[in-house]
Amino acid sequence: MSDGTPESAVPGPPDAGRRPEALEPRAVPAGGRSPHSRARLWVAALSLPPLALLAAAAWFGRSVRPGADDWCFLPVVRDDGLTGLIGQFYSEDNGRVANALLVGAYATFQVPGHQWFGLVSGVLTLVVLRAVAVLALRRAGLTVPGGLPLLVAAMATALFLFATPNTYKTFYWPAASVSHTMPPVLACAALLPFLAARSRRGRGAALAVAAFAGLVIGTLSEETALVVAVLLVTVLLLSFRAAAGPSRNFLRLWCAAGIAGVGAGAVVLVTSPGSNHRRERFGAGTTSMVAPESLAASLRGFTEIVLTVITTWPYIGAVAVGVLLGLLCRRQDGNPPRPPAGWPLAACAGVVAFLVSGYVCTVLTYPVFQDRVSAPSAARLWNDYLLLFVALLIGAGALLGLAAVRLGRTATGPLRAVCAVLCVLACIGPAVGLLDLDADLRARAVTWDAQDRRLRAGASAGAEVLPYERLVISQMLEPFSRRGRSYWPGGCVADYYRIDRVTDATRPAGRT
């Protein structure tokens, strides 16, 4: 997401359209091996820890079972199909049409859809981020050792998905992932045609994709749409500092197309009956959001979020992999590149965009979540701007790496070793958390499956009211929460099993 700076719009060298592996420097030193060939092996090995983290997380997904909002989506898709779910989202729930489409895509497969969602979303994130890295480097006319784009993408993916305080809601809960984790990834995917555009037809396709992607994101996630709009406006303003020419004109048109698409999507969402109904249900109207006390509370909440994020030590892995990128990238002639012109302004603009978009996202969500907006149980809400945070850390690391090369070209070996160690260490904390979560997932799956068989057997025998045992994981909502006072989503559970009502299994029969 941070590759949309004016520098990325500068035309590449004559051979920029060739494959990444064809961009390796031709000059080979007297030793017979290029610096890239010497680094290729250890860079590939360094990719294994984050890739193993992603593979393990995907494997653990076999123990995921529905909960919270999932109970409400499953019977609608089963009984009314995808169009029924889209209609419910637009007319009753929240107005997010594209969100309903993606939810229906996994809910169509019922429980297996939840189990496979982590694998599909994780691989999609990795593939998109690697493609962005490859094309951004090609656009800038830089070469790197084979495997370095994969390392950057793998580390970014691992940190984005697993460094969060609540991995379950970020990665394993499809409903939350569709609303807050996948939208930033889809926004990155919209960068690919822009970075790859070389011909007039390619630029036209990039503009069309930007407009369409903006429309989709606008009806997928209000918060990600806001982050995208802030970034596009920031890049548009920065473009006035770039040299005039066709590249700048294309960049401005691309930003304008994206902004128009996001705006159109936002109009569709905000004017929908479902969005109006949701605002009324939670008291989240414009007046309440911009009230002085709400703005002040949102600022306190966002400050707590920022403090939590910047003190989460695994994110040092993003800086480390960025430093490696800066140390190892080379121009076409084999020499180390200089930092991009105007990088201080671009860096400051990126930080400001992160802070502004993050705060406004907190303003949007505060009326619903109140003081819980900065709690680990609501950490999924942070994902709309956390991928931007990871990208900024990688960019900062790359600038440090470029500076280190220029200050002492022969003394970067120890720095590479330190960065390699940090990349490995950054995966250890999330790995420990994943192992603990896997134990919880497996325990819940055993109990969930047993209860599922009992409820299905009772429904088949003609029972209309059956007891339900709460199966909480990672602070997920379940029927009879708040000491039994909250029935939601008990009605959806009853619909799923085709009975009238479920009762709290922890209470004696006859008690309410």
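Helices, here, are DSSP runs of H or I spanning at least four residues and numbered from the N terminus. In this predicted model, helix 19 covers residues 413–460 and supplies the largest share, five residues, of a nonpolar surface patch. The patch has an area of about 590 Å² and is made by W313, I316, V421, V424, L425, I428 and V432. W313 lies in the loop between helix 15 (292–310) and helix 16 (316–328). With a relative accessibility of 48%, W313 counts as partly exposed, because that class lies between the buried limit of 20% and the exposed limit of 50%.

Eight salt bridges were found in a search of the whole structure. In one of them, R65 pairs with D449, and the closest N and O atoms are 2.9 Å apart. R65 is buried, at 10% relative accessibility, while D449 is partly exposed, at 25%.

A salt bridge also joins R498 to D79, with 3.6 Å between the closest N and O atoms. Here too distant parts of the chain are linked: R498 belongs to the loop between helix 20 (490–497) and strand 2 (501–504), and D79 to helix 3, 419 residues apart. R498 is exposed, at 58% relative accessibility, and D79 is partly exposed, at 43%. Both residues take part, together with R78, in a network of salt bridges.

The side chains of R331 and D333 likewise form a salt bridge, at an N to O distance of 3.1 Å. R331 is partly exposed, with a relative accessible area of 32%, and D333 is partly exposed, with 47%.

Note on methods: Residues are numbered from 1 along each chain as its sequence is written. This is a predicted model: local features need pLDDT of at least 70, side-chain atom pairs count only at pLDDT 80 or more; totals for chains, interfaces and linings use all residues. Side-chain values use heavy atoms; hydrogens and water are left out. Patches are made of residues with over 30% relative accessible area and no salt bridge: like charges are joined within 9 Å, nonpolar side chains (Val, Leu, Ile, Met, Phe, Trp, Tyr) within 5 Å. Accessible areas come from the Shrake-Rupley method with a 1.4 Å probe; for residues, only the protein chains shown count as cover. A salt bridge is a side-chain nitrogen of Lys or Arg within 4 Å of a carboxyl oxygen of Asp or Glu. Helices (H or I, at least four residues) and strands (E, at least two) are DSSP runs, numbered from the N terminus. Buried means under 20% relative accessible area, exposed over 50%, partly exposed in between (1.4 Å probe, protein chains only).
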